[in-house]
Amino acid sequence: MNTALLLAPVAIPAAASCAYLLLGWRRRTAHLGTFSAALVLAVGIALAVRTVDDGGVFAASGWLRADPLAAFLLTVIGAVAFVACAASPGYLAADHGDDHAGPASERRYAVLVQAFLAAMALAVVAGNLGLVWVAIEATTTVTAFLVGHKRSRAAVEAAWKYVVVCSVGIALALLGIVVLYAAARHAGLSESAALNFDELAGHAHSLDRQATRMAVALIVLGFGAKAGLAPLHSWLPDAHSQAPAPVSALMSGVLLSVSFSVILRTKQIADAALGAGFVRTLLLIVALATLAVAALLLIGQRDYKRMLAYSSMEHMGLIALGAAVGTPLALTAVLLHIVGHGLGKAAAFCASGQILHEAGTSRIDDVRGLAARTPVLAGTFGAAVLVLLGFPPFSLFASELGIARAGFAAGLGWLTAAGFVLILLAFAAIAAHTGRMLLGADPLQSSPTGSGPAALRRQAPLIAALAVVAFIGVAAWPLSTLLNAAAPLAGR
């Protein structure tokens, strides 16, 4: 039973990927991916209930395991994937007529998206750090083809940049894993246990301090590249601006968080072996550097998809800041931020894809009066941006407030204040850019479109995602038990 439950979130999207390979993308199979994502969400919820009660589920001699943190991440993956997959048929339909569109292209898109979900799910339920590395590397391979989906020069260049930068990062992470494996073997752990998360955490006090310090630094830097953290962040704006909008939603909404979760699990080992100070210092440096880069580049941004990409960097920097604080309040706020950002960013990116089809450009200066021309789409995009800016009643307001409170309470007041000053700069830049897109008169003087029932149906998955973020922000009780159980596993 345990094995089936842990294999299900990997096997379901893998089976959907095979089904798309055989059947192709057609009207009857268009929402197979949505159904697959819904099943992953259901498995995540089932594992959440199970792990909160039992503490953990294990299978395959510890190679697969789920604890409350893994169940939480699976639930986020399923929820964000549901939004992205539900938006995919409309996105691909709007692409008809473009040079890159066609049955073969749609089939390839569907196959790769489901393979992407399977790889992320494997990274979450893997109980071995080496297997996690393989799963994260698989996401790079799969998403590289999705980033280059349009086959334009800019898309191919972005795909290659993504592969090169992330491969450098993942190679550094592999080197760190090898060093950690050597330290674990020297400490007396067996070959099968040397990279097991639970075994490493249980024997952390026996690990060589110098080797562990080197390994942790490489792992933070390497997986930080996949999480969009400085200094190996340069792939993110190019990849997110060129990928299909639902793919950008998945990459920003969950891939970054799944990659960062490896850092959280490594932090738990490092804190036990080295004390909390080493990883805290690393994460504070990385967090403030990421926030500074994102804030400065957002000020002069001219492309709204790149604006959303740099917003992802900003939020990952804030998540890293909360992880550096490391108190129970901070870690609970970090997890709450992950789910709010995932759903909010999924809605924002999917809406931006519709704006691209409507306006024919991704330049901010060329989009004006969107609220007058397409009120429903403009309202959805505007609400998604409000989520990302941390306005109440959305959950990001509560999570950002929690991180700020935790930072000051932990004696990191000046560093926390510096981080939130950078967040305010990003806030002002995003608000100004979005305001110019949505408000004012329509320069084309066209009649309002997209305001009927059909427009509302198209926006329904995005509106539902935003409603969930608002509901969680007002009443966190559906997640509170899971968050309280998962936070201690995210590091101490």
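**A walk from the pocket to the loops**

In this predicted model, 23 residues line the largest pocket, and those nearest its centre are L41, I45, T75, V468 and L479. The volume of the largest pocket is about 520 Å³.

V247 sits in helix α10, which covers residues 245-274. Its relative accessible area is 0%, and V247 therefore counts as buried, the limit being under 20%. Beyond its neighbours within four places in sequence, V247 makes contact with Y109, V113 and L146. Y20 is 227 residues away from V247 along the chain, and the C-alpha atoms of these two residues are 17 Å apart.

T212 belongs to helix α8, residues 209-226. T212 is likewise buried, because its relative accessibility is 0%. If residues up to four places away in sequence are set aside, T212 touches A183, L207, A273 and L274.

On the surface, V156, W160, V164 and V168 make up a nonpolar patch. Together these four residues have about 380 Å² of accessible area. One of them, V168, is located in helix α6, which spans residues 153-186. V168 has a relative accessible area of 42%, so it is classed as partly exposed.

Most peptide bonds are trans, and most residues other than glycine have a negative phi. The bond joining A230 and P231 is cis, with omega at about 10°. P231 lies in the loop that runs between α8 and α9 (235-242). P393 is part of the loop between α15 (375-389) and α16 (395-409).

S61 has a phi of about 55°, and its place is the loop connecting β1 (57-59) with β2 (64-66). With a relative accessible area of 74%, S61 is exposed. For R151, phi is near 60°. R151 falls in the loop between α5 (129-147) and α6, the helix that also holds V168 of the nonpolar patch. R151 counts as exposed because its relative accessibility is 57%, and the limit for that class is over 50%.

Terms used: Residues numbered from 1 in each chain as written. Predicted model: local features only at pLDDT ≥ 70, side-chain atom pairs only at ≥ 80, totals over all residues. Heavy atoms only, no water. Patch = residues over 30% accessible without salt bridge, like charges linked within 9 Å, V, L, I, M, F, W, Y side chains within 5 Å. Areas by Shrake-Rupley, 256 points an atom, 1.4 Å probe, with all protein chains shown as cover. Salt bridge = Lys/Arg side-chain N within 4 Å of Asp/Glu carboxyl O. Helix = DSSP H or I, 4+ residues; strand = E, 2+ residues; numbered from the N terminus. Buried < 20%, exposed > 50% of the residue type's maximum accessible area, 1.4 Å probe, protein only. Contact = heavy atoms within 4.5 Å. 1 Å grid on protein atoms, 1.4 Å probe; cavity = no way out; pocket = protein on both sides within 12 Å on 5 of 7 lines; lining within 4 Å. Points joined across faces, edges and corners; volume = space filled by probe spheres on them.
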